[in-house]
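Here are my notes for you on this one. Have a look at the model first, then go through the points in order.

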Amino acid sequence: MSLSLSISTRAPRVTRSEVPGGALARRLLRSRAVAALASPHPVDRYLELVHPMWAVDEVRARVVRVQRETEGPEPVTTLALEPTSTWQGFRAGQFVQVGVEIDGARRTRCFSISSSEADGHEALTITVRAHEEGLVSKYLATRAEPGLVLHLSQAQGGFTLPEQLPDRLLMISGGSGITPLMSMLRTLVDRGYDGRITFLHYTQGPETAIFRDELRVLARRENVDVVVVHTRHGGSRFTPQALAELAPDHLATATYACGPAGMIESVREVYGDSDLLRVEYFKTSTLQPADPDAAEGSVSFTRAGASAANTGATLLEQAEALGLTPEYGCRMGICFSCTSRKTEGAVRNVVTGATSALPDEDIQICVSQPVGDCVVDL
Amino acid sequence: MSENKTLTPEQLEAFGAEMDAIRQRLVDELGEEDATYIRNVVKAQRTLEVAGRALFYVPPAWPLAVAALSVSKILDNMEIGHNVMHGQYDWMGDPGLNSKMYEWDNVCPSEQWKYSHNYIHHTYTNILGKDRDIGYGVLRMDEDQKWRPYYLGNPVYATLLMIFFEWGVMMHDLEVERIVAGERTWADTKHLHKGMIRKIRNQTLKDYLLFPALTGPFFVPTLVGNATANLVRNIWAFNIIFCGHFPTGVATFSEEEAEDESRGHWYFRQLLGSANITGGKLFHVMTGNLSHQIEHHLFPDLPARRYPQIAAEVREICERYGLDYNTGPLHRQLGSVARKIVRLALPDRLGRRLPTPPGLGRLPFVSRSQDASRVSPDRAAA
């Protein structure tokens with residue numbers, strides 16, 4: 001019973017809809033001649049109008065199955081995706097940028113891939129927890145239905161297993177951090193890895209725990225130890241002592257850890273600068289939006305490597321005060337010459353008064369003033 | 001000169017606040033409908049383009065092919081290109097409809113157009129000496145441009161600009177007239193050359209070599225067809241755009257007038273510096289909704305499909321403040337522009353003798369005062 005469940009969480013094997021005519025047609029569509037005919041528009045701008053899954057450059061994916069993992073106020077859902085033929089596959093542990101249209105606007109966020117690398121190039125799954133404040137995660141976890149087309153990046157990230165697998169592996173995850181490690185674990189099992197795996201997972205309680213049945217099945221394998229700690233039910237959070245008890249050899253073991261930033265920090269302290277430890281943590285905005293009328297926090301311009309206390313002026317003025325020379329035009333929010341990417345923090349539009357705290361958002365710096373800490377790619 | 005319309009600073013502030021309120025409401029409403037609309041326009045444009053290119057294989061359908069391709073190019077340049085490059089759809093987060101990435105079916109590189117149009121023209125609208133769209137450095141379109149014998153050719157230059165409009169738009173940033181006047185050197189334009197050459201190569205390659213070659217024996221008809229479609233687009237775009245700022249009654253401003261201006265005054269200047277064209281729904285789409293030039297200049301970065309929706313409201317506000325809202329059917333606005341082109345070709349004392357068309361009131365020979373908020377008398381009379 002639980003075995004069949006674990007199999008059904010795998011990515012589906014389906015025939016992909018792609019540009020007809022096979023490899024030759026795709027090569028032709030990618031040629032310079034066709035690009036010259038379509039100029040000034042990319043070829044994909046025409047193909048997408050014929051079929052949303054036709055592409056020669058961009059990556060898109062269709063949701064083919066939706067599976068609810070947990071219920072509750074922040075439900076978790078696994079989406080099985082069928083990517084376009086432009087998808088180049090992934091390595092277990094990597095993440096993908098997923099763009100979804102909500103009320104006419106495309107919102108893009110990063111999600112770890114949860115399926116096995118052994119499933120090949122034709123499929124992948126992402127497992128998404130509906131965060132209370134998360135527009136995209138909430139949409140994907142509660143409203144996505146089969147047939148929905150998502151925009152994808154190629155797989156990204158260096159949190160992957162080595163080519164030469166060691167004969168012992170330790171995996172430590174907290175909360176949603178389990179997804180990339182689950183992808184690794186599934187891949188290792190599918191590939192017949194016969195080394196020893198200790199899989200240590202911290203979660204609040206059984207009601208929010210995902211992959212429970214599958215982990216139970218995997219734990220029956222001789223070479224896999226699974227330890228799930230429910231922090232809300234008496235289990236303590238990650239401690240070095242607990243780790244030493246569970247895996248006395250941990251300092252000599254290739255270790256993969258993924259979870260909230262605080263937990264990753266504790267794990268790092270245990271390993272010092274050992275190169276056996278590989279970590280990944282989610283980028284949650286730790287920057288708290290502040291009172292828009294009080295100039296608080298600091299402003300950082302990452303490319304210039306400059307930062308200063310927030311003066312309450314617009315980002316353009318603050319950048320110029322620091323000696324930067326960003327491109328600008330009208331200085332009143334109409335010409336879009338100054339559009340730049342805000343990577344973190346919140347800004348207030350001085351014209352409309354609207355405050356926005358989305359990560360990785362394009363903003364007009366001439367009419368945006370920081371609200372609390374703010375990081376801009378300039 | 002007797003009925004100069006002025007607004008007090010308080011009135012200007014209240015006027016600006018009313019405009020800001022409309023703006024805020026539109027921003028709050030942006031969503032699915034706007035996204036669906038622009039995607040449908042894109043779909044229609046691409047379909048017409050593909051249909052047009054394909055119909056060149058059927059010689060008897062040549063006029064149909066040219067018509068489809070012409071409409072495609074007009075939609076691409078106006079309702080899609082112009083508006084997308086204004087950032088009207090940046091909020092959608094779609095790279096295909098993003099002002100930073102969109103490139104249009106026109107020889108002018110989008111990057112250069114955005115500088116001279118979005119920044120220079122929309123910020124300094126109708127400020128003589130700053131807004132290079134007043135006459136495009138070629139024509140005399142305002143009484144305060146000092147007459148020279150060169151301007152006797154005004155109608156000829158206008159006709160040439162109409163026929164070669166996309167090339168004129170491309171060369172706009174070179175500021176050739178300033179090079180001729182010795183105020184600028186050819187070397188100053190060097191940063192523009194690469195983008196221009198690339199765009200000219202791409203545009204001419206597809207329209208005048210690749211697509212004609214693809215139709216084999218119909219090479220020449222296809223080439224002529226493509227050139228015709230570009231010409232039709234040029235003539236249409238020129239006429240619509242000239243109706244936006246040059247009909248009788250549209251005000252121009254001096255640099256002093258616009259110095260340190262308030263947001264309210266900026267709105268005021270945008271309103272008085274623009275003119276609308278009345279027409280049906282399809283007409284508005286074909287003009288890229290620039291038939292609502294007034295609303296476009298008030299809210300250049302909001303989706304153009306919204307302009308007709310707010311036009312009545314904007315007009316009502318203008319009436320309350322006693323400000324004229326310049327609008328009229330295409331033939332009347334075009335006639336007005338044509339007369340201005342001819343009249344300003346002549347020295348002022350000769351031009352003044354040309355007959356006044358009925359219904360237009362006095363011709364607008366107003367030497368601009370330094371008074372910030374002035375409306376020419378014919379505007380008040382219209």
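1. Let's start with the second largest pocket, which holds about 1,300 Å³ of space. (A pocket is an open set of points on a 1 Å grid over the protein atoms alone, where a 1.4 Å probe fits, with protein on both sides within 12 Å along at least five of seven lines; lining residues have an atom within 4 Å of a point. The volume is the space filled by probe spheres set on the points, joined across faces, edges and corners.) Its lining has 43 residues, and Arg132(B), Tyr136(B), Gly137(B), Glu175(B) and Glu177(B) come closest to the centre.

2. A word on the source: this is a predicted model, where local features need pLDDT of at least 70 and side-chain atom pairs 80 or more, while totals for chains, interfaces and linings use all residues. Side-chain values use heavy atoms, without hydrogens or water.

3. Now the largest nonpolar core: 45 residues, with Tyr89(B), Leu97(B), Met141(B), Leu161(B), Phe238(B) and Phe242(B) having the most contacts inside it. (Such a core joins buried Ala, Val, Leu, Ile, Met, Phe, Trp, Tyr and Cys through side-chain atoms within 4.5 Å; buried means under 20% relative accessible area with a 1.4 Å probe, protein chains only.)

4. Finally, where do the chains meet? The contact (heavy atoms within 4.5 Å) takes 25 residues from chain A and 44 from chain B. Together they bury about 2,900 Å², meaning accessible area (1.4 Å probe) lost by both on being put together. Leu37(A), Ile334(A) and Phe336(A) supply 21% of what chain A buries against chain B.

Terms used. Residues are numbered from 1 along each chain as its sequence is written. Chains are lettered from A and ligands numbered from 1 in the order in which they are written. Buried means under 20% relative accessible area, exposed over 50%, partly exposed in between (1.4 Å probe, protein chains only). Buried area is the accessible area (1.4 Å probe) that two parts lose on being put together, summed over both.
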